[in-house]
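Please examine the model shown below together with its sequence.

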Amino acid sequence: MLNVRLYEIFTSIEGEGVLFGTKTLFVRLAGCPFGCYYCDTEEALPADSGEEHTMEEACRMIDDAIQPNTYKVNFTGGEPLVQHEAVAGMARHVQSSGVPTYLESSCYDADRFRTVIPHIDIVKVEFKTADSAFVEEGQHPRIVRSATECLRAAVDLGRETYIKVVAGEGTKPGPFAELVGGIFSEVSNDDISGFVIQPVTGPGAPTLDALLELHDIVRPYSNKVRVIPQLHKAIGAP
Ligand SMILES: Nc1nc2[nH]cc(C(=O)O)c2c(=O)[nH]1
Ligand code: SF4
Ligand SMILES: [Mg+2]
């Protein structure tokens with residue numbers, strides 16, 4: 001029987017991406033095998049963090065936690081695709097209750113992504129830069145290919161899709177331009193609802209000049225480029 005490890009379920013104001021400011025129920029799954037230097041949920045990275053539940057329990061916990069006027073349920077982590085079948089099951093349940101579902105993933109595995117995306121309404125496709133320490137440098141091209149496949153799959157299914165790239169002080173314009181060129185050889189501006197450059201919060205934050213340079217690299221491809229910091233950090237919310 002399928003079980004799921006959840007780290008926490010809570011309501012907050014969406015602090016990231018194009019839907020920042022919306023009232024959101026966060027379902028944080030336990031476990032992520034990666035190691036981004038800016039990770040702000042390190043407590044949820046161990047595979048044995050959080051608590052294990054049956055799918056029935058998890059769905060009931062979501063039903064009990066969801067408040068009136070919730071805009072969406074955000075499946076995050078950790079890395080939700082580590083437990084992709086459970087995410088698909090919980091997302092299907094949430095959709096059946098009429099609340100939109102949202103996926104917050106590093107998009108490291110396109111096969112897993114394809115099992116989840118039919119049950120997701122709005123998706124953030126994240127592209128990790130080589131300096132993120134997400135994976136070892138040699139693995140980075142493979143990760144970009146995975147995220148690109150995820151992007152293709154989301155757009156082909158007609159999902160509301162936006163792109164996010166976290167930028168830190170080590171994010172170099174040259175490799176960033178190469179990444180952006182690759183993304184827009186795969187999709188067009190009409191396919192996406194936004195291109196979010198999210199500055200690292202705190203140590204490792206990029207300068208304004210660096211952010212403007214990255215912005216100007218995306219702008220020729222998309223008028224939907226936005227530099228959006230983490231709102232929840234600014235308002236002291238979880
Ligand atoms: N308020 C708030 N918004 C968020 N958006 C994405 C989050 C995440 O941890 O994935 C997050 C989070 O942890 N808190
Ligand atoms: S992929 Fe996400 S959860 Fe995993 S280490 Fe990176 S920022 Fe943290
Ligand atoms: Mg967070």
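The account begins with conventions and then turns to the structure itself.

This is a predicted model, in which local features need pLDDT of at least 70, side-chain atom pairs count only at pLDDT 80 or more, and totals for chains, interfaces and linings use all residues. Residues are numbered from 1 along each chain as its sequence is written, while chains are lettered from A and ligands numbered from 1 in the order in which they are written.

UniProt lists residues 19-238 as "domain: Radical SAM core" in an unreviewed entry; UniProt positions follow the numbering used here, feature names are shortened, and annotations may be inferred rather than shown by experiment. Over residues 19-238 the chain is 35% helix and 20% strand, and the end C-alpha atoms lie 16 Å apart. Helices (H or I, at least four residues) and strands (E, at least two) are DSSP runs, numbered from the N terminus.

Strand E7 spans residues 160-167, and seven of its eight residues are buried. A residue counts as buried if 20 or more other C-beta atoms lie within 10 Å of its own, as exposed if 12 or fewer do, and as partly exposed in between, with C-beta atoms placed from the backbone. E7 pairs in the parallel sense with strand E6 (residues 122-126) over five bridges; pairing requires that DSSP find at least two bridges between two strands. Within this pair, Val123 stands opposite Thr161. The chain passes from E6 to E7 through helix H4 (residues 140-156) in a right-handed β-α-β crossover, that is, one whose path from the first strand over the helix to the second runs clockwise with the strands pointing away from the viewer. E7 also runs parallel to strand E8 (residues 194-199), to which six bridges join it, and Ile163 stands opposite Phe195 in E8. Together with helix H5 (residues 173-186), E7 and E8 make a right-handed β-α-β unit.

Which residues surround ligand 1? Its shell consists of Ser12, Ile13, Glu14, Gly15, Glu16, Phe26, Thr41, Thr76, Glu104, His232, Ala237 and Pro238, a residue being near a molecule if its C-beta atom, placed from the backbone, lies within 6 Å of it. By class, this shell divides into four nonpolar, five polar and three charged residues. Here Ala, Val, Leu, Ile, Met, Phe, Trp, Tyr, Cys and Pro count as nonpolar, Asp, Glu, Lys and Arg as charged, and the others, Gly among them, as polar. The shell around ligand 2 includes Cys32, Cys36, Cys39, Thr41 and Gly78, and its classes are five nonpolar, five polar and one charged.

Thr41 carries the UniProt annotation "binding site" from an unreviewed entry. Thr41 is found in the loop between strand E2 (23-29) and strand E3 (51-54), and is partly exposed because 16 other C-beta atoms lie within 10 Å. Not counting residues up to four places away in sequence, Thr41 touches Gly77 and Gly78, contact being defined by C-beta atoms, placed from the backbone, within 7 Å.

The unreviewed entry in UniProt also places "binding site" at Tyr38, Cys39, Asp40 and Gly78. Although spread over 41 residues of sequence, these positions cluster in space, with a largest C-alpha distance of 13.0 Å. Tyr38 lies in the loop between E2 and E3, and its contacts beyond four places in sequence are Val166, Gly168, Val200 and Gly204. Gly78 is placed in the loop between strand E4 (72-76) and helix H2 (84-96), and counts as buried because it has 29 C-beta neighbours inside 10 Å.

Methods. Contact = placed C-beta atoms within 7 Å.
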